[in-house]
Amino acid sequence: MIIDTKDMLKSILTSISQIKYVEPGDIPNIDLYMDQVTTFMEEHLRSSKRYEDDKVLTKTMINNYAKNNLLPPPVKKKYSKEHVLVMIFIYYFKNILSIKDIETLLTPITDKYFNNDDGMDMTYIYNEVMELEKSRINLVTKDIAKSFHNAAECFSDVQEEDQHYLQLFAFICSLSFDIYVKKLLMQRLIDEFGAKEDTKDKKKK
């Protein structure tokens with residue numbers, strides 16, 4: 001391939017190991033105004049941006065989240081630690097799922113656990129998910145490395161000047177297929193869950 005295998009794998013390992021999580025302890029325990037929220041998110045999630053000029057979160061985004069029932073309303077124009085945790089979930093979901101899907105997925109969580117006083121709050125939910133994600137880093141790294149090696153074995157009968165790009169193309173297609181299948185699964189799970197919630201609501205009426 002265009003990139004040396006060892007360099008590529010080293011790059012993968014480095015980038016995945018450097019994924020930064022916003023720890024709940026990093027979030028101020030005092031309620032924040034919107035400007036303070038956007039500044040906090042920009043500082044703590046800037047490593048996930050593709051381009052320097054990209055915005056992690058804007059005032060317009062926050063208003064849209066509230067308008068679309070993704071985010072509980074602020075109290076006296078201030079956002080709590082739990083608001084910030086919900087916005088972090090939204091930040092990652094919005095690159096994969098539609099606003100409607102995010103609403104379907106998050107509403108039961110925020111309805112039951114937002115500002116819950118029995119210990120099962122948004123911080124608890126966030127910590128559990130974060131630990132699950134951390135536990136999968138090695139598996140994800142190995143899977144990507146395997147896809148890379150498999151792509152490097154493609155197009156062995158093509159001239160070298162074309163082979164490098166075609167192998168890179170095959171590698172990207174392989175990664176895209178993984179994303180497609182997982183996104184399809186996520187959508188079907190959300191649809192099934194949403195249908196059950198609708199049935200519950202109708203029975204209550």
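A: Cys154 is partly exposed, with a relative accessible area of 31%. This is a predicted model. The closest cysteine sulfur to that of Cys154 belongs to Cys173, and at 9.8 Å it is too far for a bond. Seen from the other end, Cys173 is in no disulfide, and the nearest cysteine sulfur is that of Cys154, 9.8 Å away. Two sulfur atoms would have to lie within 2.5 Å to count as a disulfide.

Now the helix, α6. This helix has 14 residues. At 1.5 Å a residue, they should span 20 Å. The C-alpha atoms at the ends of α6 are 20 Å apart, which agrees.

Which residues of α6 are buried? They are Met122, Thr123, Ile125, Tyr126 and Met130. These residues cover an arc of only 155 degrees around the axis, so they sit on the same side of α6. Leu132 and Ser135, on the other side of α6, are exposed. What does the buried side meet? The buried residues of α6 pack against α4 and α5.

Aromatic rings come next. The whole structure has 5 aromatic pairs. One of them joins Phe89 and Tyr126. This pair is edge-to-face, with 5.7 Å from centre to centre and 70 degrees between the planes. Phe89 lies in α4 and Tyr126 in α6, so the pair ties together parts that are 37 residues apart in sequence. Both Phe89 and Tyr126 are buried. Tyr91 and Tyr92 form an edge-to-face pair too, at 5.2 Å centre to centre and 75 degrees between the planes. Tyr91 is buried, with a relative accessible area of 9%. Tyr92 is partly exposed, at 39%. Ring pairs also link Phe89, Phe93 and Tyr126 into a cluster.

What about the wider interior? In soluble globular proteins, nonpolar side chains tend to be buried together. Here the largest nonpolar core has 33 residues. Val37, Met41, Leu57, Ile62, Met87 and Ile88 touch the most other members. The helices α2, α3, α4, α5 and α6 each supply at least two residues of this core. Helix α4 gives the most, with 8 residues. A second, separate core has 7 residues, including Ile12, Ile16, Phe148 and Ala170.

Leaving aside its neighbours within four places in sequence, Ile62 is in contact with Met34, Val37, Thr38, Leu57, Leu71, Tyr79 and Met87.

Last, a stretch of backbone. Most residues other than glycine have a negative phi. Lys76 has a positive phi of about 55 degrees, although it is not a glycine. Lys76 is in the loop between α3 and β2. Lys76 counts as exposed, because its relative accessibility is 77%. Lys77 has a positive phi as well, near 65 degrees. Lys77 is found in the loop between α3 and β2. At 69% relative accessibility, Lys77 also counts as exposed.

How values were computed: Residues numbered from 1 in each chain as written. Predicted model: local features only at pLDDT ≥ 70, side-chain atom pairs only at ≥ 80, totals over all residues. Heavy atoms only, no water. Core = buried A, V, L, I, M, F, W, Y, C linked by side-chain atoms within 4.5 Å. Buried < 20%, exposed > 50% of the residue type's maximum accessible area, 1.4 Å probe, protein only. Helix = DSSP H or I, 4+ residues; strand = E, 2+ residues; numbered from the N terminus. Contact = heavy atoms within 4.5 Å. Expected span 1.5 Å × (residues − 1). Arc of directions from axis to C-beta. Phe/Tyr/Trp six-rings, centres within 6.5 Å; stacked < 30°, edge-to-face > 60°.
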